[in-house]
Each structure stands twice: as C-alpha cells, then as structure tokens.
Amino acid sequence: MIRSDKPVTLLGAGRVDRRALQAALKRAPFLVAADGGANKAFAEGLAPEFVIGDMDSIGPEVLADLSRERLIRVAEQETTDFEKCLIRIVAPYILAVGFSGDRQDHVLAVWNALARNPSRRCLVIGSQDVVFLAPRRLRLDLHRDTRVSLFPIAPVRGRSKGLEWPIDGIDFAPDGRVGTSNRATGPVELDFDSERMLVLLPPECLDAAIRALATTDHGASSLRNKVSR
C-alpha cells in the first residue's frame, strides 16, 4: 500500500499525451507507474517513486534500473493494472495519464475500476477529456458553454443547477438515457442518489474538477490545500 499526503500522478502504458502528463506532474509530482507505464516514464526521463503491477510489461533495462523497494508486485490477474494501482494508492487525489488511448476495451475497464472504487478520488486525463466518478454532490466552477458530459455506469438519478438541459427527474442508465454533450450556463451544481455517474469535461477544466472533488467528504480539507490555482 502506498500512502501519500501529496497527490499522485499515475502513469499507464497507453498513449500518453505529453501536455496531459505535464499538467498532471505540475499538480501531483509524486509519480507512480502502472506496470508498463514505467517504460513510458523512463522514455520521458522520469523516475517513478513506485511501480505497481505483475511486471510483465516492463522492459528488462527499465526493470534493472529499479530497486526492489520501488516494485510492488501483484500477481493476481482478476484486476487490470489500473485497478491494481487504484486499490493500493491512498492519496488526496490521483491524476491518471496513459489510460485513455485507442483501445476502447482498456478505456471501459478504467471506467469500471472507477465505479468499483468510489472512495478513491481519481481523475483520468487524456488529450480531449478529464473523466472522474462524481461524488453524490459537487459544484463545478465552469464558464458558460463549457461542455459537460454525464455518462451513467449503472442506473442513477440526479438533479442539477447550471446546465442548459437540466437532469432532474431523468432515469439514467448505460443501456438507457445518458447525458452526453450538455453545456454549462455558468457554475454547475450536481446532486446524485449514488456514486454511479461519470463526468467528462474538457482538459482545461482540470483544476475546476480537482476543486470540485476537494469539497466532498473524502479527505476534503487535506485535498483543498493542495489544489493548484
């Protein structure tokens, strides 16, 4: 288990958007790699504090450069490398990069892991989106016309203020109604009956998303002090 009082950047083995990685490290310089993500780290001249996984994807030259104390081997094959990390990192928040590439099955597995671990405050950053599992209540300081997409990973209901198309009274479900391509009319308030809704925002809304998670019950005070402004 990794316990950090600082936010963590988690680097995966998928396509890495360099701007997303730089944005993550600026806010969370404590770097952890998910298995083959260590290859990506070394290619960028970065040395992860820890590597978590079954170590089947790390190049031998990279593995040779890592001390045994920095390797957390997890042999089981029931979870993905992303979820192996999510389970074992306790931090104010996690910024995950390298998990939203071309493989849609990998992306779906990441979303599934977010749903299965709602106590972890994790934001998945890609070239086009910042994705996170919404707590039951959050407030997003967004500019007018900002894209706000909502995607349920299980049946869920909610209420909203500040969305062009309010969500009140709608039964959301992955095989039913979804809330993609909504727009903000200003600051947005969302209230859900369970933690089963994914929020997708443009990358420039990263700090707004971090601040939104900072006001939830999971480590709110400690997280709030670490948000980049």
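By class, how many nonpolar, polar and charged residues does the lining of the second largest pocket have? That lining has seven nonpolar, six polar and one charged residues, where Ala, Val, Leu, Ile, Met, Phe, Trp, Tyr, Cys and Pro count as nonpolar, Asp, Glu, Lys and Arg as charged, and the others, Gly among them, as polar.

A quick word on the ground rules: this is a predicted model, with local features needing pLDDT of at least 70 and side-chain atom pairs pLDDT 80 or more, while totals for chains, interfaces and linings use all residues. Residues are numbered from 1 along each chain as its sequence is written, and side-chain values use heavy atoms, leaving out hydrogens and water.

Here are the spaces (on a 1 Å grid over the protein atoms alone, a cavity is a set of points where a 1.4 Å probe fits but cannot get out; a pocket is an open set with protein on both sides within 12 Å along at least five of seven lines; lining residues have an atom within 4 Å of a point). Grid points are joined across faces, edges and corners, and a volume is the space filled by probe spheres set on the points.

| Space | Volume |
|---|---|
| Largest pocket | about 470 Å³ |
| Second largest pocket | about 240 Å³ |
| Largest cavity | about 50 Å³ |

The largest pocket has 25 lining residues, with Ala13, Gly14, Asp81, Phe99 and His106 nearest its centre. Its lining splits into seven nonpolar, eleven polar and seven charged residues. Helix 5 gives the most to this lining, with four residues (helices are DSSP runs of H or I, at least four residues, numbered from the N terminus).

Helix 5 also gives the most to the lining of the second largest pocket, this time with five residues.

As for the cavity, there's one of 30 Å³ or more. Its lining is Leu114, Asn117, Pro118, Arg120, Arg121, Cys122, Phe132, Leu133 and Leu213, which makes six nonpolar, one polar and two charged.

Now for the helix pair. The axes of helix 4 (residues 81-88) and helix 5 (residues 104-116) come within 9 Å and cross at roughly 25°; axes are lines fitted to C-alpha atoms over the stretch in contact, with angles from 0 to 180 degrees between N-to-C directions. The two helices are therefore roughly parallel (angles under 35 degrees). Phe82, Glu83 and Leu86 in helix 4 meet Val110, Ala113, Leu114 and Arg116 in helix 5, contact meaning heavy atoms within 4.5 Å. Those residues divide into five nonpolar, no polar and two charged.

Definitions and conventions: Parallel < 35°, antiparallel > 145°, perpendicular 65-115°, else oblique.
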